[in-house]
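Here's a quick briefing to read alongside the model. Have the structure open and follow along.

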Amino acid sequence: MNKKLSSRDLQKLSAYLDGELSTSAAREMKNRLAHDPNLRAALDDLRDTKSILRRIPQSAAQRPHP
């Protein structure tokens with residue numbers, strides 16, 4: 001990615017990926033993704049991260065409390 005995205009954009013991307021946006025907000029995000037390569041790259045990164053995290057066994061991901 002060439003341009004750093006705002007935390008708000010990253011939150012919206014995450015919500016978009018999780019299907020948590022309203023219909024109109026999802027439509028707006030889809031339109032932005034069609035025109036912004038940096039936003040698309042960030043979405044791809046989030047998808048990759050989510051995929052990696054799904055493959056980690058829960059017991060390995062949980063840390064015992066001291």
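Leu5 sits in the segment before α1, and at 9% relative accessibility it counts as buried (buried means under 20% relative accessible area, exposed over 50%, partly exposed in between, with a 1.4 Å probe and protein chains only). Bear in mind that this is a predicted model, where local features need pLDDT of at least 70, side-chain atom pairs count only at pLDDT 80 or more, and totals for chains, interfaces and linings use all residues. Residues are numbered from 1 along each chain as its sequence is written, and side-chain values use heavy atoms, with hydrogens and water left out.

**Around Leu5**
- Setting aside neighbours within four places in sequence, Leu5 is in contact with Leu10, Leu13, Asn38, Leu39 and Ala42 (contact means heavy atoms within 4.5 Å).
- Leu5 and Asn38 are 33 residues apart along the chain, and their C-alpha atoms are separated by 7.9 Å.

**The overall build**
- The protein has four helices and zero strands, running α-α-α-α from the N terminus (helices are DSSP runs of H or I, at least four residues, and strands are runs of E, at least two, numbered from the N terminus).
- Of its 66 residues, 17% count as buried.
- Take the contacts between residues at least 6 apart in sequence: 56% of them join residues at least 24 apart.

**α1 against α2**
- Helix α1 (residues 7-17) and helix α2 (residues 23-35) pack at an angle of about 110°, with axes 11 Å apart (axes are lines fitted to C-alpha atoms, for helices over the stretch in contact, and angles run from 0 to 180 degrees between N-to-C directions).
- α1 and α2 are therefore roughly perpendicular to each other (angles of 65 to 115 degrees get that label, under 35 is roughly parallel, over 145 roughly antiparallel, and the rest oblique).
- From α1, Asp9, Lys12, Leu13 and Tyr16 meet Ala26, Glu28, Met29, Lys30, Arg32 and Leu33 of α2.
- By class, that α1 contact with α2 has five nonpolar, no polar and five charged residues (Ala, Val, Leu, Ile, Met, Phe, Trp, Tyr, Cys and Pro count as nonpolar, Asp, Glu, Lys and Arg as charged, and the others, Gly among them, as polar).

**α2 against α3**
- The axes of α2 and helix α3 (residues 37-55) come within 5 Å and cross at roughly 110°.
- That makes α2 roughly perpendicular to α3.
- On the α2 side, Met29, Arg32, Leu33, Ala34 and His35 meet Pro37, Leu39, Arg40 and Leu43 of α3.
- The residues of this α2 contact with α3 split into six nonpolar, one polar and two charged.
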